[in-house]
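Good morning, colleagues. I shall present one model today, and I ask you to keep the sequence and the structure in view while I speak.

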Amino acid sequence: MPKIRTTRTKIPEGYDAISDILDEYAKKMRDAENESHEGKRKAESLWPIMRISHARSRYIYELYYKREAISRELYDWLLKEGYADANLIAKWKKSGYEKLCCLRCIQTRDMNYQGSTCICRVPKAQVRSGTVVECVHCGCRGCSSDS
Amino acid sequence: MPPKADINKAGWEQSEFPILCETCLGDNPFIRMSKQEYGRSCGTCARPFTVFRWNPGTGGRFKTTVICQTCAKIKNVCQTCLLDLEYGLPTQVRDTALGLENEAPTSDINREYYAQNMEGKLDGNKSGLDTGRSASAGKEMLKQLARTDPYYKRNRPHVCSFFVKGECKRGSECPYRHEKPADNELAHQNLQDRYHGKNDPVARKIMSAHAESQGLKPPDDVAVTSLFLTSLPPSSTELSIRTHVLKSLPSVEPTQLKSIVHVAKTRCAFVNFKERSIAENAAQAWANGLEIDGERVGIKWGRSRAAVKPAASTSAAVTAS
């Protein structure tokens, strides 16, 4: 929750370069939080939040693991401060979960039947019929690694 | 299962598997069903019961049980669609055809008490109805009216209410049907009425269609409130006719029967009712024929009052001479 910096320790270098983009994400999140609920389903109102959270975590993940543009120190500090979801990033490192949308969709305890996952985890090739899938937890349209 | 310690919960229902009809289960022989103990309160007796939920084939809407097993057993109906398990017909149709009386109370604490009592009595026994003693004419009628194949249109998703207003934003991913809702008499149904078998529009439609096909279309003259019975057995008396008439119509009270005119010579009788609606109910119940003293009698509508008396006396005169 807190993006307000209550740490007394020093901010690692490299933060200034990315602070603009992180501020933009923060603004988007604010807008999503303050949107009205009119015309949306109850679950649908939460989708933008989950989406922005995913996007922000993705940004930081890519900076560190893919582009190697920030230091280990900065990365750890960002995770500690809550700019990215550490648990979600941990899943992205596993094979098959590289594009995972959110942690709720693989949580088998939340599902109706024993041991199942959300419909968005099913590859598009195996979901027959032409129906578009929008999962109820986060609005994801398919987050398996091969679609 | 151990008996429930809490006396309040002792009346609540637990079950292992639901009582369902073919159509509700769907076309797929493989079904995955979820069970939730005390998921909802029963639609008719308001006691908590075990809710079962499954997908009846693709394109279906995930059906769930809406009444408890006890209530289903009392009336021998499916737990989801509330139609008879043997014939797939509404309760009202089956009851009028077989002449069964509805004893289940409909209000509040009465029905909970009744349901609880029946649960004890029916434990292990499959159905609450004794179908042995009912008329075979009634059973034939039901067999005629029943469907032969499962009717999967019942399992379709409900009509999208947003689409009806023109506001559905989900487009192709919307799981509800994008169709115009049918706005006829059949659209106003209600669980309690359907279960107890009174005031059910579907039942009315089925029975009046059947009665018409049997030549028993209610005559246009609304003043006609009598039915004409033919080929009575020679041993019948007015009393025996009256008894049989009332027995086959459990919902009709003896006071609503105005009179019975029995003409022994021609072996026919007129049954006069006080109200036109009662007469129509009788016609529908007897559409396949009524049994009196072991013989099937024919049923026709009587003619307008002016013509009734001469018809009886002329036919009597004809056979006499």
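A word on conventions. This is a predicted model, in which local features need pLDDT of at least 70 and side-chain atom pairs count only at pLDDT 80 or more, while totals for chains, interfaces and linings use all residues. Residues are numbered from 1 along each chain as its sequence is written, chains are lettered from A and ligands numbered from 1 in the order in which they are written, and side-chain values use heavy atoms, with hydrogens and water left out.

Chain A contains 4 helices and 0 strands; helices here are DSSP runs of H or I with at least four residues, strands are runs of E with at least two, and both are numbered from the N terminus. Read from the N terminus, its elements follow the order α-α-α-α. The C-alpha trace of chain A spans about 55 × 40 × 25 Å along its principal axes.

I turn to the interface. The size of an interface is often given as the accessible area lost when the parts come together. Chain B and chain A bury about 790 Å² between them, with 44% of it on carbon and sulfur atoms; this is the accessible area, for a 1.4 Å probe, that the two parts lose on being put together, summed over both. On the chain B side, Arg32(B), Arg170(B) and Glu173(B) lose the most area to chain A, together 52% of what that side buries.

Which residues make the contact, by number? Chain B gives 11 residues and chain A gives 7, contact meaning heavy atoms within 4.5 Å. Strand 1 (33–41) and strand 2 (48–54) of chain B each supply at least two residues of the side that touches chain A.

Finally, the cavities. The count comes to 2 cavities of 30 Å³ or more, a cavity being a set of points on a 1 Å grid over the protein atoms alone where a 1.4 Å probe fits but cannot get out. The largest cavity holds about 80 Å³ of space, a volume being the space filled by probe spheres set on the points, which are joined across faces, edges and corners. Its lining has 11 residues, of which Thr44(B), Cys45(B), Cys71(B), Arg111(B) and Tyr195(B) lie nearest the centre; lining residues have an atom within 4 Å of a point. Helix 4 of chain B gives the most to this lining, with 3 residues.

Methods: 1 Å grid on protein atoms, 1.4 Å probe; cavity = no way out; pocket = protein on both sides within 12 Å on 5 of 7 lines; lining within 4 Å.
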